[in-house]
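The sequence and the coordinates are shown first, and the discussion follows.

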Amino acid sequence: MENLTLLWESTGLYNFTGPQAVMMAVGFLLLFLAIKKGFEPLLLLPIGFGAILSNIPVAGMTDEGGVLYYLYGGIKSGMFPLLIFMGVGAMTDFGPMLANPKTLFLGAAAQFGIFATLFGALALNVVPGMEFNLKQAAAIAIIGGADGPTAIYVASKLAPELLGAIAVAAYSYMALVPLIQPPIMRALTTVEERKIEMQQLRSVSQTEKIVFPLMLITLTALLLPSAAPLIGMFCLGNLMNASGVVDRLSKTAQNELINIVTIFLGLSVGSKLSADAFLKVETLGILGLGAIAFSIGTASGVIMAKIMNRFSSTPINPLIGAAGVSAVPMAARVANKVGQESNPYNFLLMHAMGPNVAGVIGSAVAAGVLLSLIR
């Protein structure tokens, strides 16, 4: 009888708590969104499963010695997000941005949502139950860049206790780009503006594509060293692709390496979706602020494009400004789709890829600024 009692007390049924059950339900919800709805499945599936594993009672998977405990070290050290950035760099073509350098301003303008949300998070402290310090507010604000690896990297450095909620919010809103952005884009532009056809982009030489990442990392080293880890790995991946002499390394970074790291990253983030860290009023604040940050970033890019169009000698369709958030390449596809609703012969995809790529750089720069100013 004593052995039966010990066996019963070691079961999950005996040790389950209400909050753990809720968080496992959250994990199953993320799996549903990834599998059934197709919302960022590459990340939400391992994140959801990691949430389930981390909330199994007695298993100790997040305790010292558990597999999720050791996997989380890859986030704590910043290694996983940086390796993801290298893979993204290897898959990125700077050509559209170099062909039209003005799109750099659109990528920069879209980061306004990050800094606006920083103050919004601090303002939420007047709401009962909400309490964010400056580091936590900065980590939440980076969601507005719509760059998952950057959001995870900044959160791991400034507010690791909010990592799970921030990662889920960041990737959820990236998946919802086709739903969130079009209403904002239509509200801020006229039919005539959406019909604007842009001139064909010039051809960019291989030399330009090789020189740009080298120039970018040099400027980062001189002006903003705190952004060097993110931009440096991004430039390394891009240089491997642009140089054309290390195809094996480039293909590995684009495929095998980024896929393996994505699995580990997702499970590690899921391990932080514990009941005590996630089931708080602050989580609702993070989800709400993330949506606001993303919306402000989209609107800022569109407004900047409208301003630039007034002073540009060549026409600029304001819709491409929405691609300044760094949800590559989904935001560019959305800009192209909305443009074709007003003009079926309007092809904005390659034009939108310019600010889209610039947005990746802009979010990394914004992260570097926050890490420099907030210790």
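A residue is termed buried when its relative accessible area is under 20%, exposed when that value is over 50%, and partly exposed in between. The model discussed here is predicted. V58, at 57% relative accessibility, therefore counts as exposed. V58 is found in the loop between α4 and α5 (67-76), and its phi is positive, about 75°, although V58 is not a glycine.

**Overall architecture**

The chain contains 21 helices and zero strands. Its radius of gyration is 22 Å, close to the 21 Å that the globule rule gives for 375 residues, so the chain is as compact as a globular protein of that length. Along the principal axes, the C-alpha atoms fill a box of roughly 85 × 50 × 40 Å. Of the 375 residues, 53% count as buried. Among contacts between residues at least 6 apart in sequence, 78% join residues at least 24 apart.

The chain exposes about 16700 Å², and carbon and sulfur atoms supply 67% of this area. There are 20 positive and 18 negative side chains, and the centres of the two sets lie 10 Å apart.

In soluble globular proteins, nonpolar side chains tend to be buried together. In this model, the largest nonpolar core has 109 residues, and those with the most contacts inside it are I47, I166 and I286. Helix α21 (residues 349-373) contributes the largest share of this core, eleven residues. Leaving aside residues up to four places away in sequence, I286 touches F132, I140, I143, L162, A165, I166 and A169.

**Enclosed helices**

Which helix has ten of its eleven residues buried? This is helix α11 (residues 148-158), which is therefore largely enclosed by the rest of the structure. The buried residues of α11 include G148, P149 and T150, as well as Y153 and L158.

Helix α16 (residues 228-243) has among its buried residues L230, I231, F234, C235 and M240, together with N238 and S243. The buried residues of α16 pack against α6 (79-91), α11, α15 (206-223), α17 (247-270) and α21. Just after α16, G244 takes a positive phi of about 75°.

**Individual buried residues**

| Residue | Helix | Relative accessible area |
|---|---|---|
| Q136 | α10 (residues 134-141) | 12% |
| A293 | α19 | 0% |
| N356 | α21 | 0% |

The contacts named here do not count residues up to four places away in sequence. Q136 touches E131, A159, E161 and L162. A293 touches G113, T117, A141 and G144. The C-alpha atoms of A293 and I84, 209 residues apart along the chain, are separated by 23 Å.

N356 touches A323, V325, S326, A327, V328, P329, A331 and A332.

**Backbone geometry**

Most residues other than glycine have a negative phi, and most peptide bonds are trans.

E40 has a positive phi of about 40° although E40 is not a glycine. This residue is placed in the loop between α3 (18-35) and α4 (41-54).

V67 lies in helix α5. Is V67 buried, partly exposed or exposed? At 46% relative accessibility, V67 counts as partly exposed. The C-alpha atoms of V67 and N343, 276 residues apart along the chain, are separated by 53 Å.

Notes. Residues are numbered from 1 along each chain as its sequence is written. This is a predicted model: local features need pLDDT of at least 70, side-chain atom pairs count only at pLDDT 80 or more; totals for chains, interfaces and linings use all residues. Side-chain values use heavy atoms; hydrogens and water are left out. A nonpolar core is a set of buried Ala, Val, Leu, Ile, Met, Phe, Trp, Tyr and Cys residues joined through side-chain atoms within 4.5 Å. Buried means under 20% relative accessible area, exposed over 50%, partly exposed in between (1.4 Å probe, protein chains only). Helices (H or I, at least four residues) and strands (E, at least two) are DSSP runs, numbered from the N terminus. Contact means heavy atoms within 4.5 Å. The radius of gyration is taken over C-alpha atoms; the globule rule is 2.2 Å times the number of residues to the power 0.38. Accessible areas come from the Shrake-Rupley method with a 1.4 Å probe; for residues, only the protein chains shown count as cover. Lys and Arg count as positive and Asp and Glu as negative; His and the chain ends are not counted. The place of a charge is taken as NZ of Lys, CZ of Arg, CG of Asp or CD of Glu.
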